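Reader: I would like to learn how to read a sheet and a loop residue in a model. Please take one feature at a time.

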Amino acid sequence: MLMVIGTAKLGEGALKAGRAALEAMITASREEEGCIDYAYAIDVLDPAIMRITEKWVDEAALVTHFQTPHMATFQKALGELDITILDVRKFQADDGAPLM
């Protein structure tokens, strides 16, 4: 499994202005073959920080994801918002195990 973990800084009003684009990206990405999970979350202690979490079956699925029309639309929308990507990294992981 491939995991993508990241953080982004949201400018004033960016979440409200970008909510439709974020929701569209999440919905479309979750429907992609090879997507295990795709989510954005606001940090409880700092609402100007958005956490990015993606899980893909493999590198090929992620490469395909970057070539989708909804990714192009999302990239354009991001360019119009006050959102700064701080850090996004990909990791190889196993399927995990229950913690409890």
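This is a predicted model: local features need pLDDT of at least 70, side-chain atom pairs count only at pLDDT 80 or more; totals for chains, interfaces and linings use all residues.

Reader: In what order do the four strands of the open sheet lie?

Author: Strands of a sheet pair through backbone hydrogen bonds, either parallel or antiparallel. Strands here are DSSP runs of E with at least two residues, numbered from the N terminus, and two strands pair if DSSP finds at least two bridges between them. In this open sheet the order is E2-E3-E1-E4, with antiparallel pairing. E2 and E4 (83-92) are at the edges with a single partner strand each, so one side of each lacks a neighbour in the sheet.

Reader: How many bridges join E1 to E4?

Author: Nine bridges join E1 (residues 2-10) to E4. Within this pair, Ile-5 has Arg-89 of E4 as its bridge partner.

Reader: Where is Asp-43 found, and is Asp-43 buried or exposed?

Author: Buried means under 20% relative accessible area, exposed over 50%, partly exposed in between (1.4 Å probe, protein chains only). Asp-43 sits in the loop between E2 (35-42) and E3 (49-56). Its relative accessible area is 17%, so Asp-43 is buried.

Reader: Which residues is Asp-43 in contact with, leaving aside neighbours within four places in sequence?

Author: Contact means heavy atoms within 4.5 Å. On that basis, Asp-43 is in contact with Ile-49 and Arg-51, with neighbours within four places in sequence left aside.

Note on methods:
Residues are numbered from 1 along each chain as its sequence is written. Side-chain values use heavy atoms; hydrogens and water are left out.
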